[in-house]
Amino acid sequence: MACLLETPIRMSVLSEVTASSRHYVDRLFDPDPQKVLQGVIDMKNAVIGNNKQKANLIVLGAVPRLLYLLQQETSSTELKTECAVVLGSLAMGTENNVKSLLDCHIIPALLQGLLSPDLKFIEACLRCLRTIFTSPVTPEELLYTGPDHQTILFNHGAVQNIAHLLTSLSYKVRMQALKCFSVLAFENPQVSMTLVNVLVDGELLPQIFVKMLQRDKPIEMQLTSAKCLTYMCRAGAIRTDDNCIVLKTLPCLVRMCSKERLLEERVEGAETLAYLIEPDVELQRIASITDHLIAMLADYFKYPSSVSAITDIKRLDHDLKHAHELRQAAFKLYASLGANDEDIRKKIIETENMMDRIVTGLSESSVKVRLAAVRCLHSLSRSVQQLRTSFQDHAVWKPLMKVLQNAPDEILVVASSMLCNLLLEFSPSKEPILESGAVELLCGLTQSENPALRVNGIWALMNMAFQAEQKIKADILRSLSTEQLFRLLSDSDLNVLMKTLGLLRNLLSTRPHIDKIMSTHGKQIMQAVTLILEGEHNIEVKEQTLCILANIADGTTAKDLIMTNDDILQKIKYYMGHSHVKLQLAAMFCISNLIWNEEEGSQERQDKLRDMGIVDILHKLSQSPDSNLCDKAKMALQQYLA
């Protein structure tokens, strides 16, 4: 019986609570506008700091009525303002409150309110919008983001209107203006090019930003100014060798990485610096020798240390929860630092326990840390020296294969890209990777809907097949299947097609392998080659395809598949006379391999090709202004004379 009694008890408690709140909502419907206004003011006082009351009023349907009053033309400005204040107060409650407000389409109503001539009402709408957009449950796309919306703001005079605020007496106003510029400039060349030439009180904007970078300015201001200059530089509006970048922005961002700074400042400093130097070798070199940055970043992994100077318990609790952000930022910056320079990579790897830290990072619970760790490893894997030493010593391939088993696409793309490097023929990791089931895993990637994963899957297989034993090649062909191979050869993504041709070329190398593969898959491969040579493809694709034919022509028995296929022979002849030297050379390789004297049946092949007019073309090509082509033609003619 007890079970049956539970529900009525809950109901009576709820009705008691809502009864005390209902009169607030009822007053919103009073015909007297003055009473409605007083009702909204009383409601405002009742909900301040009272989450229970906020929830009750939402349940009772206060939100749609408040939004109605806010949008009514007949409502007084004072009433509209008070409605916006109450809605802002409701938004400051729980995440469920924000969801309820979003469900009632609050955002369009508040944005409409910004068109009002009344500043107090605009401010109330803006405060409410800010509260809603700082909530994690609000989807970003509900407000302008991305280049289109930067352009809309730009076209409506945002730059000119905000620029003069940088000289405001109020620090808060200056900071908001700075933040606005950093958002406008991010990855937007149009805005950035304009900002470079904007004058404020006779001074150019970049010069104002540089002044705001100085050490005597508040840290928040230094960081945001550095961001503005970084984004303008990355958008191409400021040169990477400009003094304001090399002597001001870069050192300021390095300063932000020191352990004296707060956790969020160190994170933002490192991530902004990583973005600044990412494409530029010279900036990477300068950063790597500024203030012992590489060693300084090692401290990001020891945080908070036992000797941490944090006496504030609240602060310590916050930092412990966010310590993973430091590791993520350090990995990002190491990845940028080591993107090009061998000496910098060496320095990073020689930093205390660095490889162990990256390997640990690969299995962290945070996806962002895992992604940053993989990116860092990928950057370092561009070094032949490191692939042969540190990567082998730490058996990096093991955790990497684990990451590849089950990860989001963004991690898979970088991890599979790194696997391509580990499968290069000089890498000692190649053997153990093969033994751990990499072939199936990579063949699986080639079936992904994500073109970047298809490219990496096929690229890694191409590296795997390079100078490989017959068994590995057979494994690849079996796991991939001819159907999938041909699907990839007709892929709409050019990179996928090129890498698949590269794979075929590597599979069809060394005579016994060529003959073996062509004896089992010859018909389909010749079909694919024909289709590509007939299709609308660029020079590089056709050159790769002709090189595959040249490899087939190098086989002992595989040659016959070309010699008995008049269609293919006519195509080779056509490309010998093509206007593009690359294609003529590739076609010449095919012919040379077919007529080579020392091989069985060469006489019959030479005769057949002479009857087709190949010798006449060779005579013509021996007069070619291209020395390479001329030499190859003369060498081929000698086979006929021998």
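This is a predicted model: local features need pLDDT of at least 70, side-chain atom pairs count only at pLDDT 80 or more; totals for chains, interfaces and linings use all residues.
A crossing of two helices is called left-handed if the near helix is turned anticlockwise from the far one by less than a right angle, and right-handed if it is turned clockwise.

Select helix 13, residues 205–212, together with helix 14, residues 219–234. The two helices pack at an angle of about 145 degrees, and their axes lie 8 Å apart; the crossing of helix 13 and helix 14 is left-handed. To see what touches, show the side chains of Pro 206, Phe 209, Val 210 and Met 212 on helix 13, which make the contact with Met 221, Gln 222, Ser 225, Cys 228, Leu 229 and Met 232 on helix 14. Sorted by class, this contact between helix 13 and helix 14 has 8 nonpolar and 2 polar residues, with no charged residues.

Which helix gives the largest share of the lining of the second largest pocket? Colour helix 16, which contributes 6 residues. By class, the lining of this pocket comprises 9 nonpolar, 5 polar and 7 charged residues.

Next, move to helix 28, residues 438–445, and helix 30, residues 470–480, whose axes come within 9 Å and cross at roughly 40 degrees. Helix 28 and helix 30 are therefore oblique to each other, and helix 28 passes helix 30 in a right-handed crossing. Here Val 439, Glu 440 and Cys 443 of helix 28 meet Asp 475, Ile 476, Ser 479 and Leu 480 of helix 30, a contact that by class has 4 nonpolar, 1 polar and 2 charged residues.

Finally, select helix 37, residues 581–595, and helix 40, residues 627–641, which pack at an angle of about 15 degrees with their axes 10 Å apart. Because angles under 35 degrees count as roughly parallel, helix 37 is described as roughly parallel to helix 40, and helix 37 passes helix 40 in a left-handed crossing. On the helix 37 side, show Gln 584, Leu 585, Met 588, Phe 589, Ser 592 and Ile 595, and on the helix 40 side show Asn 628, Leu 629, Lys 632, Ala 633, Ala 636, Gln 639 and Tyr 640, which together make the contact. By class, this contact of helix 37 with helix 40 has 8 nonpolar, 4 polar and 1 charged residues.

Key: Residues are numbered from 1 along each chain as its sequence is written. Side-chain values use heavy atoms; hydrogens and water are left out. Helices (H or I, at least four residues) and strands (E, at least two) are DSSP runs, numbered from the N terminus. Ala, Val, Leu, Ile, Met, Phe, Trp, Tyr, Cys and Pro count as nonpolar, Asp, Glu, Lys and Arg as charged, and the others, Gly among them, as polar. Axes are lines fitted to C-alpha atoms, for helices over the stretch in contact, and angles run from 0 to 180 degrees between N-to-C directions. Angles under 35 degrees count as roughly parallel, over 145 as roughly antiparallel, 65 to 115 as roughly perpendicular and the rest as oblique. Contact means heavy atoms within 4.5 Å.
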